[in-house]
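Work through the exercises below with the sequence and the 3D view at hand. Each task is followed by a solution in steps.

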Amino acid sequence: MILANRRITVREVAEDLNISIGSCHSIFINDLGMRRVAAKFVPKLLNCDQKQHRMNIANEMLDSVRDDPNLLQRVITGDEAWVYGYDVETKAQSSQWKLPHEPRPKKARQVRSNVKVLLTVFFDCRGVVHHEFLPQGRTVNKEYYLQVMRNLREAIRQKRPDLWKNKNWLLHHDNAPAHTSLLVRDFLAKNNTLMMPQPLYSSDLAPCDFFLFPKLKRPMKGRRYATLDKIKTASKEELKKILKNDFLKCFEDWKNRWHKCIISHGDYFEGDKIECWRSNQSELCAGIKPYKCEQCSASFTRQHSLKYHTMIHEERSRFTCPTCCKEFRHPSHYKEHLRRHTGETPFHCTDCQRKWIPSRPDLVKCWSHFPNFLHALSTCSSSLVLVPFIWGLKPTLYLLVPLPSYLYLFP
């Protein structure tokens, strides 16, 4: 009944089956694991050929990244977007706290302002490379975009001299008519500019659409800018506020979106719950380390590892033990080391009185309370596994840690 008509209501099902609405709702939620959701607006309902084309490009780019782990560090992507003098707030931005006796806040229905300016931005994993505004009275045509390409090349020469010298940077933009015109393609071919493919109707695979422009426009929503100069000034300020780590996360998310596109068989995937642990595992197996230290040649697969490594160069957050003069960069490690000198054992097992030093009492139990490994799995959550606790070098202590869903357990 439900599979035949996905828009059927709980009341209609309850009347057909002659059961209560509460029981019917409980069956939907608890037994079938279903929930009612609204349809999501997408740029276009893709046909089979367009979905296959998206999958082919996603596979091609993932293969290129596996062959050249530094590929995305040489990509410069860009696009155009309108910035308005007034843009309507989102529902999340207009929400506010209220007391039980207070009335619900109201707001009037509003529309975007007619005062607007077109912003063109190009960026890479290190930040914004070039941006410019469309002059008043002009339109985005092939002649204008050709001048933008000339300005972009000059910006790369000044801001990215390493890419300009090696001539190995890649340009990525969408398939707008001005971008794919013969005049622009001849200019890029004459200057040996490498192009990165972009599938049609794929804003979910364009970094400007899923990262830069939403992040730029969100703080500006709900504010009024009377003149074009004020709009331009506010846009530049918001661009400067975007951190380098945000750009790194954007390119990391770009790779995950290629995986999601393949898992979704080329269809749009935003709003769907798709596990992307495969992308992380494939990068680890391939030895890809996208996070580079700017002060040395060290590279890391995780951003937090790079952040921890930079503390070595900056020599900050150092904690020195007053007894043995040993230094620590993390305060929790420092506190745990001090307890080894004082003999303090503030944590004890929840089932017995055995005590220990580790700083995670909620995750530690004595192995003696678990007769065997299978019994431990049956008494604990299925997403937890017991592993030896080695910090204190005590074989009788074990640590409960989350188990990823893609691993299997063997007793």
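**Exercise 1.** Which residues form a nonpolar patch on the surface, and what is their accessible area together?

Solution. The model is a predicted one. The patch consists of M1, L17, I19, I27 and L32. Together these residues have about 440 Å² of accessible area. Now take L32, which sits in the loop between α2 (21-31) and α3 (48-67). Its relative accessible area is 47%. Buried means under 20% and exposed means over 50%, so L32 is partly exposed.

**Exercise 2.** Locate A176 and classify its accessibility.

Solution. Start with the loop between β4 (170-172) and α7 (182-190), where A176 is found. The relative accessibility of A176 is 23%. The cut-off for buried is under 20%, so A176 counts as partly exposed. Next, compare sequence and space: A176 and D79 are 97 residues apart in sequence, and their C-alpha atoms are 9.4 Å apart.

**Exercise 3.** Describe how α5 (residues 142-159) packs with α7.

Solution. Two packed helices are described by the angle between their axes and the distance between the axes. For α5 and α7 the angle is about 20° and the axes are 9 Å apart. Angles under 35 degrees count as roughly parallel, so α5 is roughly parallel to α7. The crossing of α5 and α7 is right-handed.

**Exercise 4.** At roughly what angle do the axes of α8 (residues 207-217) and α10 (residues 244-263) cross?

Solution. The axes of α8 and α10 come within 10 Å and cross at roughly 150°. Angles over 145 degrees count as roughly antiparallel, and α8 and α10 are therefore roughly antiparallel to each other. Their crossing is right-handed.

Methods. Residues are numbered from 1 along each chain as its sequence is written. This is a predicted model: local features need pLDDT of at least 70, side-chain atom pairs count only at pLDDT 80 or more; totals for chains, interfaces and linings use all residues. Side-chain values use heavy atoms; hydrogens and water are left out. Patches are made of residues with over 30% relative accessible area and no salt bridge: like charges are joined within 9 Å, nonpolar side chains (Val, Leu, Ile, Met, Phe, Trp, Tyr) within 5 Å. Accessible areas come from the Shrake-Rupley method with a 1.4 Å probe; for residues, only the protein chains shown count as cover. A salt bridge is a side-chain nitrogen of Lys or Arg within 4 Å of a carboxyl oxygen of Asp or Glu. Helices (H or I, at least four residues) and strands (E, at least two) are DSSP runs, numbered from the N terminus. Buried means under 20% relative accessible area, exposed over 50%, partly exposed in between (1.4 Å probe, protein chains only). Axes are lines fitted to C-alpha atoms, for helices over the stretch in contact, and angles run from 0 to 180 degrees between N-to-C directions. Angles under 35 degrees count as roughly parallel, over 145 as roughly antiparallel, 65 to 115 as roughly perpendicular and the rest as oblique. A crossing is left-handed if the near helix is turned anticlockwise from the far one by less than a right angle, and right-handed if clockwise.
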